[in-house]
Amino acid sequence: MTLVLASTSRIRRQLLEHAGLAIKVTKPQVDESVLKKRMATLPPEKLALELASAKALSIAPADADEIVIGADQVLAMLGGHLDKPPTIAAARDQLRGLRGKTHRLVSAVACARNAAIAWSHVATAELDMRNFSDAYLDAYLQQVGSEAIRSIGAYQLEGLGAQLFDAVRGDYFTILGLPLLPLLEFLRQAGKLQS
């Protein structure tokens, strides 16, 4: 049985490989911006799950011994959600809007087999961003550079982004964008990993 990751996310690939999984990476055949516009009114948990499922199904063959893993993450705050900032200036604005407040990261994973979703899971973490100064924000953005526009929230908790926070409640893997432990349990039950 082949494991396929329907994602171009470097961190998701690393999480799976560091957990000992041999995976093939394939870019999902979905236009996320179109899907997000179409599903903009969905609650964050449903939106993340729909996006993860669409990614997995977009490359899941009808008759193959493959499990295709799709994942997505939504940053939820004040009844809405944020996307990856398109520019450093947008990242600065986004971080100014998040500072001193609590937001949620909703991560979903969906596994497709034989062109159907065989399993899915949604997990949420809460993050309290500290009330940092504009001077710190500018120094942070200068240090991280284009990495700020590669993730929702304009930070990577596994790096310098950790300094943006006072407190985090929830699973670390969920914060990184992949509820890894439930996924590993599903793969054990599916016979892909040893019990």
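Guide: Rings of Phe, Tyr and Trp (for Trp the six-membered ring) pair if their centres lie within 6.5 Å, and planes under 30 degrees apart count as stacked, over 60 as edge-to-face and the rest as tilted. This is a predicted model, in which local features need pLDDT of at least 70 and side-chain atom pairs count only at pLDDT 80 or more, while totals for chains, interfaces and linings use all residues. Residues are numbered from 1 along each chain as its sequence is written, and side-chain values use heavy atoms, with hydrogens and water left out.

Visitor: Which residue has its ring under the charged end of arginine 130?

Guide: Ring pairs join Phe132, Tyr136 and Tyr140 into a cluster. A charge sits over a ring if NZ of Lys or CZ of Arg is within 6 Å of the ring centre and within 35 degrees of the ring normal. The charged end of arginine 130 lies 4.5 Å from the centre of the ring it sits over, that of tyrosine 136.

Visitor: What is the angle between the planes of tryptophan 119 and phenylalanine 186?

Guide: The count of aromatic pairs comes to five. One of them links distant parts of the chain, with tryptophan 119 in strand E6 and phenylalanine 186 in helix H7 (residues 180-189), 67 residues apart; helices (H or I, at least four residues) and strands (E, at least two) are DSSP runs numbered from the N terminus. Both tryptophan 119 and phenylalanine 186 are buried, where buried means under 20% relative accessible area, exposed over 50% and partly exposed in between, with a 1.4 Å probe and protein chains only. The two rings are stacked, 5.0 Å centre to centre, and the angle between their planes is 10°.

Visitor: How many residues apart in sequence are the parts that tyrosine 155 and phenylalanine 165 tie together?

Guide: Tyrosine 155 and phenylalanine 165 form an edge-to-face pair, 4.8 Å centre to centre with 75° between the planes. Tyrosine 155 lies in the loop between H5 and strand E7 (165-169) and phenylalanine 165 in E7, so the separation of the parts tied together is 10 residues.
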